[in-house]
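Reader: I would like to learn how to read a few features of a structure. Please walk me through them.

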Amino acid sequence: MTDPAKVRRHAERIRELVASVVRSQIKDPRLGMITITDARITADLRDATVFYTVLGDAAAQASTAAALESAKGLLRSTVGKALGLRHSPSLTFALDDVQDQVKQIDDLLAQARNADAEVQRLAAQAKYAGDAQPYRVDDEDGDADDEAIDTDTPATDRR
């Protein structure tokens, strides 16, 4: 069983190595504005997934994916030599769609804010369904319903 801290260190090292090789050694014109965001490696250190983002449209993303696939051998040998493992991990590249998810969450939050504002607007115009004060309140002048207290009789006789 591999130590989880060791796996994390290797994953971070793979991310750094792939980013530096993509920046300095790969001269493929299909490679767009790429950022290596994360790398994850399995516990047996045999398979690594490298996540990346690309600035641009779907065509730029597709061409960058093709460029990374063609440079996979160079990247794998560089990672294998740098890590010093018995087996070089196989690399898989995955487009990191965090920006799309962030946009979707922002849209959902904006919808919720608009719905809350609409509820607040409706609540400000709302009126009571019945009386404004549904509970019986004694008048300050006194009601006719109240018992008149006889002050002439002693308190012990009042019942």
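Reader: Is Glu-118 buried, partly exposed or exposed?

Author: First, the ground rules. This is a predicted model, in which local features need pLDDT of at least 70, side-chain atom pairs count only at pLDDT 80 or more, and totals for chains, interfaces and linings use all residues. Residues are numbered from 1 along each chain as its sequence is written, and side-chain values use heavy atoms, with hydrogens and water left out. Now the classes: buried means under 20% relative accessible area, exposed over 50%, and partly exposed in between (1.4 Å probe, protein chains only). Glu-118 has 35% relative accessibility, so it counts as partly exposed.

Reader: Which side chain does Glu-118 meet in a salt bridge?

Author: A salt bridge puts a side-chain nitrogen of Lys or Arg within 4 Å of a carboxyl oxygen of Asp or Glu. Here the partner of Glu-118 is Arg-121, at 2.5 Å from N to O. Arg-121 is partly exposed, at 40% relative accessible area.

Reader: How are Arg-121 and Glu-118 placed in helix 4?

Author: Helices are DSSP runs (H or I, at least four residues), strands likewise (E, at least two), and both are numbered from the N terminus. Arg-121 and Glu-118 are 3 residues apart in helix 4, so about one helical turn separates them.

Reader: How many salt bridges does the whole structure hold?

Author: The search finds 7. Among them is Arg-13 with Glu-16, at 3.8 Å from N to O. These two lie 3 residues apart in helix 1 (residues 4-24), about one helical turn. Another joins Asp-38 and Arg-40 at 3.3 Å. Arg-40 is exposed at 53%, while Asp-38 is partly exposed at 27%.

Reader: Is Thr-64 buried or exposed, and what does it touch?

Author: Thr-64 is buried, at 0% relative accessibility. It sits in helix 2 (residues 58-70). Contact means heavy atoms within 4.5 Å. Leaving out residues up to four places away in sequence, Thr-64 touches Arg-30, Leu-31, Gly-32, Ile-34, Tyr-52 and Val-54.

Reader: Which residues line the largest pocket?

Author: On a 1 Å grid over the protein atoms alone, a pocket is an open set of points where a 1.4 Å probe fits, with protein on both sides within 12 Å along at least five of seven lines; lining residues have an atom within 4 Å of a point. The lining includes Met-33, Val-54, Gln-61 and Asp-97. Strand 2 gives the largest share, 3 residues.
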